[in-house]
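Work through the exercises below with the sequence and the coordinates side by side. Each task is followed by a solution in steps.

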Amino acid sequence: MTIFRTVRTAALASVLAGGAISAAGAADVVRHSEPGSHFPISTAIEVPPGATTIYLSGMGAPPVDKTADPKTLAAYGDTETQVRGALTRIQGELAKLKLTMGDVVNMHIYLVADPKLGKIDFPGMMKAYTEFYGTPAQPKLPTRSAFEVAHLANPGWLVEIEVVAVRTH
């Protein structure tokens, strides 16, 4: 009787452990989006228990003209150029952590009005953003908010972007 109980308990433990391993292995970030929407953001994201959350500080673009004063718009370019540059920097920081843009679950984009336009350049921001998200190579969309702000720390920046990424184990 003791041998049977031990074997039965071991078998049950094995099944339960297998189920737990499968459930843990299957636990992934769940991304929700508006049905039929072609806007490249998720409306909600669920992060599984046990995942690690990584917060990246806000980043602006690196200078595109290193001869220009680094506190002027001339050094960094227009909104589209700055978004592309900031996202490229973020991609590089994520790579150092062995993460990709697909691991980003939340993004805040801070935009200053382009003096040439007299308003924020949302279309320019979206043009660069959609080079990184909503593509066949990168279909994993973060939740995202875009804000118009009066100023950023660097007076040459029109854009600063911060992200939150998740590492599932």
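**Exercise 1: a network of charged side chains**

K127 is partly exposed, with a relative accessible area of 49%; buried means under 20%, exposed over 50%, and partly exposed in between (1.4 Å probe, protein chains only). The model is a predicted one, in which local features need pLDDT of at least 70 and side-chain atom pairs count only at pLDDT 80 or more, while totals for chains, interfaces and linings use all residues. Residues are numbered from 1 along each chain as its sequence is written, and side-chain values use heavy atoms, with hydrogens and water left out.

Task: Find which residues are linked with K127 in a network of salt bridges, taking a salt bridge as a side-chain nitrogen of Lys or Arg within 4 Å of a carboxyl oxygen of Asp or Glu.

Solution. 

Step 1. Start from K127 and look for its partner. K127 forms a salt bridge with E80, with the closest N and O atoms 3.9 Å apart. E80 lies in helix α3 and K127 in helix α4 (residues 122–129), so this pair ties together parts that are 47 residues apart in sequence. Helices here are DSSP runs of H or I with at least four residues, strands are runs of E with at least two, and both are numbered from the N terminus.

Step 2. Follow E80 to its other partner. The side chains of E80 and R84 form a salt bridge at 2.7 Å, N to O. Both residues belong to helix α3 (residues 79–96) and are four residues apart, about one turn of the helix. E80 counts as buried at 17% relative accessibility, and R84 as partly exposed at 25%.

Step 3. Continue from R84. A salt bridge joins the side chains of R84 and E131 (2.7 Å, N to O). Because R84 is in helix α3 and E131 in the loop between α4 and β5 (143–148), this pair also ties together parts that are 47 residues apart in sequence. E131 is partly exposed, with 42% relative accessible area.

Step 4. The network links E80, R84, K127 and E131. The count of salt bridges comes to four.

**Exercise 2: a contact across the sequence**

Task: What does the side chain of S42 reach?

Solution. 

Step 1. S42 is in the loop between β1 (30–32) and β2 (44–46), and is buried with a relative accessible area of 5%.

Step 2. Its contacts, leaving aside neighbours within four places in sequence, are R31, H32, L141, P142 and T143. S42 and T143 are 101 residues apart in sequence, and 4.8 Å apart in space from C-alpha to C-alpha.

Step 3. The side chain of S42 reaches the backbone oxygen of L141 at 2.6 Å.

**Exercise 3: the nonpolar cores**

Solution. 

Step 1. The largest core has 33 residues, and L87, I90, L94, M107, Y133 and I161 have the most contacts inside it.

Step 2. Two or more residues each come from β3 (52–59), α2 (73–76), α3, β4 (104–111), α4 and β6 (159–167). Helix α3 gives the most, with five residues.

Step 3. For M107, the contacts beyond four places in sequence include L87, Y133 and I161.

Step 4. A second, separate core of five residues includes V29, I45, V105 and V166.

Definitions and conventions: Contact means heavy atoms within 4.5 Å. A polar contact is a pair of N or O atoms within 3.5 Å; within protein, one must be able to donate a hydrogen and the other to accept it, and residues adjacent in sequence count only if both atoms are side-chain atoms. A nonpolar core is a set of buried Ala, Val, Leu, Ile, Met, Phe, Trp, Tyr and Cys residues joined through side-chain atoms within 4.5 Å.
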